[in-house]
Amino acid sequence: MLRTFLHALHIKLQESVLSVVPIALMVVLLYFTPFVSLTARELSVFLFSTAGLILGISLFNLGADLAMTPMGESIGSGLSKTNRVALLLVIVFIMGFLVTIAEPDLSVLASQVADVVDGTLLKGIIGLGVGLLLLLAVARIIFSKNLAQMLMFFYMLLFSLVAVVILNGNSVFLPLAFDSGGVTTGPITVPFIMALGVGIATTLGGKNQGENSFGLIALCSVGPILAIAALGIVTKGELSYTVPDYSVENGLGEAFWPLIASVANEILIALTCIVASFMVLQVFYLKVSKQKLRQIGVGLVYTFIGLLIFLSSVTIGYMPVGFRLGQQLAETSWMAIVIIGFVVGTLVVLAEPAVHVLNHQVEAITNGTVSKKAMMLALSLGVGASLALSMLRIHYGFSILYYVVPGYLLSLGLSLFVPGLYTAIAFDSGGVASGPLTSGFILPFSVGACSVLQGQGNILDLAFGVVTMVAMTPLITIQVLGFKAIATAGVKRRIAMKQIMTADDDQIIHFM
């Protein structure tokens, strides 16, 4: 038992080292340049936090394999077999709401906008949005509806709400609304919801089972944006924003243990919501074996410890350094912030824990047609481009709508020309790419750059929106990957047919 655990942990540690070390090396290299001046304390805490990230991601990924994925699949397949559609949809809504309000990734965002929106209200509204869209995503599988058509409908509805928000004079709400769509699909939500989709699609997915396994994250990411945009319509008055305390000391000294306790409490609430719902369903419907329950129990312990180490390390070491890098690079040159932004984006996505869960599941379900390597390359380039474009927006000071409207229209347009499987994977990837490191490193990086280039008064309008950019660009890059696959297959077919048609009759073997 111990040997099996150590072997599995060793594999996860190797993956985590390859993911996290590039970010750490980039920060260390910048430390020895004249562009960045970190204190020895900041650098040492950052490096210590890097070790924490590696261990945390390893334990979390191990826990996701042992607990979160089996739980989601068991709920999805078990409830689907009851043939009680109404019950399935009600439970799916409740699970979507509970998992979302307890998502640590959402708490990271809520803590940074506490001056603008009450944290409890923000979580509740976003939870309702995710729960409702998860219900509709499952209904899509049950009733065999087209994902691309549903996405078009909800994004058209979203753009209509955006227009009303602008007319209402609260356009400053829009970057926060779009960002909320990315942060809700975090390290706890993604493995559970994706596995739930696999379980339901296995039972009810029909001939499009592989395609129907994806798409839940895609639709769930729209729900929070719709919900916060609707909040923007009814909210009146001026919104003020104060930059949080991003100093290293904020997570050390006397504040260290309260911070650890707060993070542990957030994770415990998240896992308790999932486990309590699972156990109720286990008693009445699922009947999972005792051996599998023990495996899930062990996996939950790994998940808790892994997330505690991971999120604490992000808060203590990565938030302060991200903010300082943004400030100091912006003071050097706006071109420097764009170039370094691209590099930061390509590297940060490697360390997002939920990305590895998605890539593994994609490769397994597509039987290697979409490899983990191709997925990671497409995600890295997409996220790198998104951060570079976000830095340009901060420098020139224009609305996030100049990016998201054409970006989503292009994404939806591509969905008409690529197989549905690529569309589902692409839109799921967008939500997954914007995880806790996006909120805990890229967002502070953006806030730091904006505080220098545009001043604190414009942070809410210009620095926020970077999360939605991270969530949007993979929609384009992965669908382009699908379009390339179609084009390549078409060229190969034409070449093969040409060779057949021009073949020498003497080369044809006749069988009597």
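Analyst: An axis here is a line fitted to C-alpha atoms, for helices over the stretch in contact, and angles run from 0 to 180 degrees between N-to-C directions. Please note that this is a predicted model. Two packed helices are described by the angle between their axes and the distance between the axes. For helix H8 (residues 189-204) and helix H10 (residues 216-234), the axes come within 9 Å and cross at roughly 125°.

User: How are H8 and H10 oriented to each other?

Analyst: Angles over 145 degrees count as roughly antiparallel and those from 65 to 115 as roughly perpendicular; H8 and H10 are therefore oblique to each other. Val190, Ile193, Met194 and Gly197 of H8 meet Leu216, Ile217 and Cys220 of H10. This contact has six nonpolar residues, one polar and no charged ones.

User: At what angle do the axes of H1 and H2 cross?

Analyst: The axes of helix H1 (residues 2-31) and helix H2 (residues 40-80) cross at roughly 150° and come within 8 Å. H1 and H2 are therefore roughly antiparallel to each other, and their crossing is right-handed. The residues of this contact comprise 21 nonpolar, four polar and two charged.

User: Which side chain forms a polar contact with that of Thr423?

Analyst: The side chain of Gln479 does so, at 3.1 Å. Leaving aside neighbours within four places in sequence, Thr423 is also in contact with Leu151, Ser415 and Val418.

Note on methods: Residues are numbered from 1 along each chain as its sequence is written. This is a predicted model: local features need pLDDT of at least 70, side-chain atom pairs count only at pLDDT 80 or more; totals for chains, interfaces and linings use all residues. Side-chain values use heavy atoms; hydrogens and water are left out. Helices (H or I, at least four residues) and strands (E, at least two) are DSSP runs, numbered from the N terminus. Angles under 35 degrees count as roughly parallel, over 145 as roughly antiparallel, 65 to 115 as roughly perpendicular and the rest as oblique. A crossing is left-handed if the near helix is turned anticlockwise from the far one by less than a right angle, and right-handed if clockwise. Ala, Val, Leu, Ile, Met, Phe, Trp, Tyr, Cys and Pro count as nonpolar, Asp, Glu, Lys and Arg as charged, and the others, Gly among them, as polar. A polar contact is a pair of N or O atoms within 3.5 Å; within protein, one must be able to donate a hydrogen and the other to accept it, and residues adjacent in sequence count only if both atoms are side-chain atoms. Contact means heavy atoms within 4.5 Å.
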